[in-house]
Each structure stands twice: as structure tokens, then as C-alpha cells.
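Keep the structure open while you read.

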Amino acid sequence: MKFFTKIYTILFFLSLPIIAFSSDEEFKKFISENKSFIHKSSAKTITPIIDEISKFNSIKVEDFLTTWREKKLWYLKEDGKIIKVSTKDKKNYEIVDFFTNKIIGNVGKKEIKQIKPNSGVRAIISSALVKFQLQNKDLQIRKKTFENLARNPKEKFRIPLREAIINEVDPTLREKMERFEKLLTVKFEKDIKKRIDAIFSFKNDLGIDVRGALNQLLETRLVVKKEIPEGTNVSQILIPEFGYLKKSIENFKTFIDDQKKSKFTDTDAYGILVNKNIAPAPISNDKIKEILSSQLEQGFIDLEEIKTLNSLNGRLKVFNELVREGIVEKGISIEEMTLLVKQYKYFYEYLEPSKEITDTVSITLNSINKRVGVFQFIDLTIEGISLASIYFLAAIGLAITFGVMRVINMAHGEFIMMGAYSGYVVQQFITNYTISILISIPIAFLITFFAGVIMERLVIRKLYKRPLETLLATFGISIALQQLAKLIFGTQARPLTSPSWLDGSLVINEIISISWIRVAILFLSIIFTLILVLILNKTRFGLETRAVTQNPKMAASMGVNPERINMLTFGLGSGIAGIAGVGIGLYAKVTSELGADYIVQSFMTVVVGGVGSIWGTLAGATLIGFLQKGIEWFNPSNTLAAQTYMIIFIIIFIQFRPKGIIALKGRAAGD
């Protein structure tokens, strides 16, 4: 027995070349027999031919389809033989046999014709090539083919996809293929049990394509019948409430299909009957007026009757008289309408006939939606933290100057703008974006630090204890700095390019994602919070700053120079604003108005958090960030409304807690 098994195996492997050769010959014969369809193909006639070509077990099939799609097939006008053109000039063409790749000879242009499939035919050929491309040796071709399939799912792709899954060696692509094959099973499988198993397999999947596919299975249509047929997969039965026809007959409108309506009335039911041409539309008061006007012009209404047309009862009397005379058609009465409504059943029927499928889909979607809700809350929290870190970074410098010195610095936003432009200038000289950003941070700090010191020495120190005048003076400086930026850099936005490792987003799942730039800004905010806490609590400068904040006269008597501390504090706040400008400029457009976009939020953050407190500023930024994102979640299409509501909330909040979340003691509190 073993001997015969070995002989059979040897004979089988020896016959493989013969089988392949036979298949090639059969394919060649098929092309020859159907060449006329290929010469002049159309999307309507070519599908059966391409389907047959795809069934051949020949290595030439993929090459033939690809060459055909790319318009590189030709044929001889004499006998219609399909060929390829190897080389050509203006007069002579070297032709090649497609199947043997042997040169047949040279011919003139008039002896051959190019096969030019239209876009419809090329699309059909591309579909046929799927099974070959899904098993191509090149991983990128397999990925691209799969992506195209995922964008246009069709039942005919299931078999080639299953074959590709068996042979796929890349684990990530294989996992995507298996998931997509289950999705096709949900859409197209005839076996109810297999569909149910596939649907249940998605109960933890958050993909929007899955939710879309499952929701399609729960689509319904509105049906009106005298009785609900047995076996109907009913989604919802509508039972009309009676008594509304009398109230709304004057303003009757045909039914608008809205499953979210809280009430279904006899007026709605009659509207359905009118929509489906089961019942006539009622004659409203306006319609009666129109009919009577027409009859008046034709002379069917006498002078005495015209006098009664001013009232509804008079019009009805004249109209009923015209009905009795057979001049106009009688309208349907409310009693007749009510009786007609009672004769029918109104219900929504699932387009999917199987109740098992729709029940399974409902259970699966409930499970998915619960998970989506949880992850949306987490995503909203992350968005709030991200926005809070941006506001904190923009406001922390202002918290120092406004909180410690009680200076209303309206030019704070322009220091943010100067920091962003500093980063842009650095990148003009250093093209490595990672190094340029690292260098931009200290440079932006130094530039804005010294700008702040100069501003404090020349303007601010002469206006201490006069907050209104500091507001006006710094507002003027703000306008001057904006105009200076426009003169130097122009009005067009300048790019502050982030390093490539900050491109894209940190994707946790289909719901939760955050851009890497915002992650970087969050870490930058954390780092500067720690640095400022260390400076204010562990250094002599911090000790002197706190002393001047709490009691400047006592600090001066202890040898502290309040003017020097004020100068350095203002410079420090301005320098931090410059660093914030580098961070913000990575994702916001760098223009002369950049700072103006953040000055209001910065002041709100400082005031809400508590003037002069780093932790208060952090709390204020967190509150405002979460508040804005929460309002935007309820009204995502209108961010301006979200900011308006946020400002209203802050005004109310300050009425109850004027010193902010964390109130500061000392000079700031006293002033």
C-alpha cells in the first residue's frame, strides 16, 4: 500500500507542469475565442468574460488583466490576435506575442489597433485583480489593495479575502483582513447563525464602520396595512391618539416621518394615508376660499351668497350648496377621516427580515454604545486637560506680573507672539526642527525677558498703584508691538514647524486620540510648574518675591530691593510668556494677532484661579479648559457660543468668589 502511495505522489508532482501548461493553453484558447469582446469592451458586456478569465489557474491571468487595464494591449486588424507592442516609432511597430513573449515581427500603424478600455471596464478589471493583489509578494501592494476593498465592501470580495487571510504573513494586516471579513459576513452572509456569530464578535469593537454596518441592519420603513402580516419583523407599532383632527384640520400637513416624535395623533395617521394615496387630502379653509374664488369668477355664486363669504360659516354654506348642485366635489368630513384612520395599522418594519438578526444587532449596539460613552467621557477629559495646559502656559507669566505686581499688562499676548516669532526666526537658520525648537525655548525666554525688563523700567515702574493707567499704557504698547511685527514679518502667517516625531496623534482607540503637539505642551506645562514652584520656594529670589508680595515695606526694611524684585519678576513673567509662544506656535498660526487670541483667556484664568497664585492659575486653567470643552461637546458646531457661555459662567462665578479659587494673602489680596 505504501508503495502505491509513493508512486501516486511522484506521478502527481510530475504532472504539475503539465497541469499548469494545460491551464495556460486553455486560457490562451479562451482569449482567442472571445477576442472580439475584448477588442471593443463595455461595462455591460464584459463582466461575464472577466469572471471567466479570473477562474483560470494560469500565471498569465494577472499579467493579462493588468496589461489590459493599463491600456497596453493591442490587436492585429487582420485576424484580431491580441498582442503587445514592444517598441515603436512613427512608422514601424515591433509586435510581441502576449503568451510567449516572442517577437512576431514589425508592422505598420495601420495594421494594429490599441485596446482602450473605458473607466467602467477598468473598474471591473480592478475588481477581478483583487484576488491576485491581495496575495502579491509586495506588502505595500497588499495593504493598498485591502484599503481599497475596505472603502468599497462588496460580497464578491469575500472569497478572495478568505484565501488571502490563509496566506497572509503580516500579523497586523492579517488581523485587519479577518475583521473586515467578519464585517462582510455581517452584511452578506445568508446563514443566520454565522451572521449572528459575526455580529456578536463586534460587541467590544468601537470602529465607526462597525457601528455603521450594524445600524444599517436596524433601518426601518413605515408601513400601513389593515392587518400586520404574520412573520413581519416589526420595530414599532404606532397607535394614534384621537381628537386632534378637529384641532388641526385648518392647518393640515401630510405626515413627516420622524421616529423621535413624542406623540402620534390621528392627524399624523391621516397624513400617512394621504402620503400613500390611500385617502384624499382634506379641504382646508384656504382651499375652500380658493374654490369659491374660482366659482365666483365663473359666475356660479349669486349676489346674495357673495355677501356671506366674509365668515367661515357663510363660506361653508355656499360651498355645501355648490356640492349639492354638483358643481364642485365634496370634501371628506372629519368623521369620515376618523373612520378611515381606524381601519388601518401603522408600524415601522425592519428592512432586515430576520428578528434574530435585529435582536442580536440591538444587543451588540447597546454594548458598543455603552463603551463609546465611557471612552467619549475619557476623551473629553483628555481634551479638557490639553486645553487647560495651553491656557495655563499662556497665563502663568501673567499670573506672576498681575498677581505679584498688580499690573494689568495688556501687552502680555504680544510677548507670547514675540516668543512664537523667535522660534520662527531660529528655524530660518537651523533646519533641524528638533534642535531648533530646543534652542528656540531659551532664546524666546531671553528676548521676552529683556523686553519685559525694558518695558518695566521705561513705563510700568512709573505707574505702580495706578492699574487703570497701566492698562491704557500696556494696551498702547500692545498695538505698537503688533504693528511692528507686521512691518517686520508681514501680515501672512509664518510657519513654526514641529519636529517629525510630533506629527500625528497618540491614538488609544477609535474614540480617544490626542495630537503629539498637545502632549508636548502638557509636559511643558508640568515642567514649568515644577520649575516655578522650585524658584519661588527654594531660591533667594523666590523668598524675596514672596516677601515683597506679602509686605513690601517690611521686605525693604529687611534689605530687599522692591524695585529690583519688581523688575526681575516682570521680566520672568514676560520670559515665560515667550516660552509659551514657542509651544502655542507649534499648532496655532503665527501672526501678529497670535497673542490677542489668548490675552482674554489668560486674564480669565488668573482671575478665576486666584490672583498671584501658581496653583490658583493651574486650578483656573483646569476649570476654564474643562468648562469650554464641556460646552463645546453640547454644541460642537458653534465654538463662539461656547466661549460666550463660558464668560457668562465666569462672571457669575466671580460674583460668589471674587478672590478666585485659591485666594492669595498679602499685598495682592489687600489691593
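Start with Phe64, Trp68 and Phe98, which ring pairs link into a cluster. Rings of Phe, Tyr and Trp (its six-membered ring) pair if their centres lie within 6.5 Å; planes under 30 degrees apart count as stacked, over 60 as edge-to-face and the rest as tilted. Before going on, some ground rules: this is a predicted model, where local features need pLDDT of at least 70 and side-chain atom pairs count only at pLDDT 80 or more, while totals for chains, interfaces and linings use all residues. Residues are numbered from 1 along each chain as its sequence is written, and side-chain values use heavy atoms, leaving out hydrogens and water.

Now zoom out. You're looking at 29 helices and 10 strands; helices (H or I, at least four residues) and strands (E, at least two) are DSSP runs, numbered from the N terminus. Of the protein's 671 residues, 43% count as buried. Buried means under 20% relative accessible area, exposed over 50%, and partly exposed in between (1.4 Å probe, protein chains only). Among contacts with a separation of 6 or more, 70% are between residues 24 or more positions apart, where contact means heavy atoms within 4.5 Å.

So what's inside? In soluble globular proteins, nonpolar side chains tend to be buried together. Here, the largest nonpolar core has 34 residues. Such a core is a set of buried Ala, Val, Leu, Ile, Met, Phe, Trp, Tyr and Cys residues joined through side-chain atoms within 4.5 Å. Ile416, Tyr421, Met455, Ile584, Leu594 and Tyr598 have the most contacts inside this core. Several helices supply at least two residues each, including α18 (355–405), α20 (433–458) and α25 (562–585), but α19 gives the most, with 7. A second, separate core has 31 residues, including Ile196, Ala213, Val361 and Ile368.

Let's follow two residues. Not counting residues up to four places away in sequence, Ile416 touches Ala394, Ala577, Gly581, Ile584, Leu594 and Tyr598. Ala420 lies in helix α19 and is buried, because its relative accessible area is 0%. Ala420 and Leu594 are 174 residues apart along the chain, yet their C-alpha atoms are separated by 8.5 Å.

Back to rings: the whole structure holds 9 aromatic pairs. Why does the pair of Tyr421 and Phe489 count as stacked? Their ring centres are 4.0 Å apart and their planes are at 5°, so the pair is stacked. This pair links distant parts of the chain, with Tyr421 in helix α19 and Phe489 in helix α21, 68 residues apart. Phe489 also pairs with Tyr424, this time edge-to-face, at 6.1 Å centre to centre and 75° between the planes. Tyr424 counts as buried because its relative accessibility is 11%, and Phe489 is buried at 17%.

The protein's accessible surface comes to about 37,500 Å², of which 59% belongs to carbon and sulfur atoms. Accessible areas come from the Shrake-Rupley method with a 1.4 Å probe; for residues, only the protein chains shown count as cover. Look for Phe523, in helix α22. Together with Ile526, Ile527, Leu530 and Ile531, Phe523 forms a nonpolar surface patch with about 460 Å² of accessible area.

Note on methods: Patches are made of residues with over 30% relative accessible area and no salt bridge: like charges are joined within 9 Å, nonpolar side chains (Val, Leu, Ile, Met, Phe, Trp, Tyr) within 5 Å. A salt bridge is a side-chain nitrogen of Lys or Arg within 4 Å of a carboxyl oxygen of Asp or Glu.
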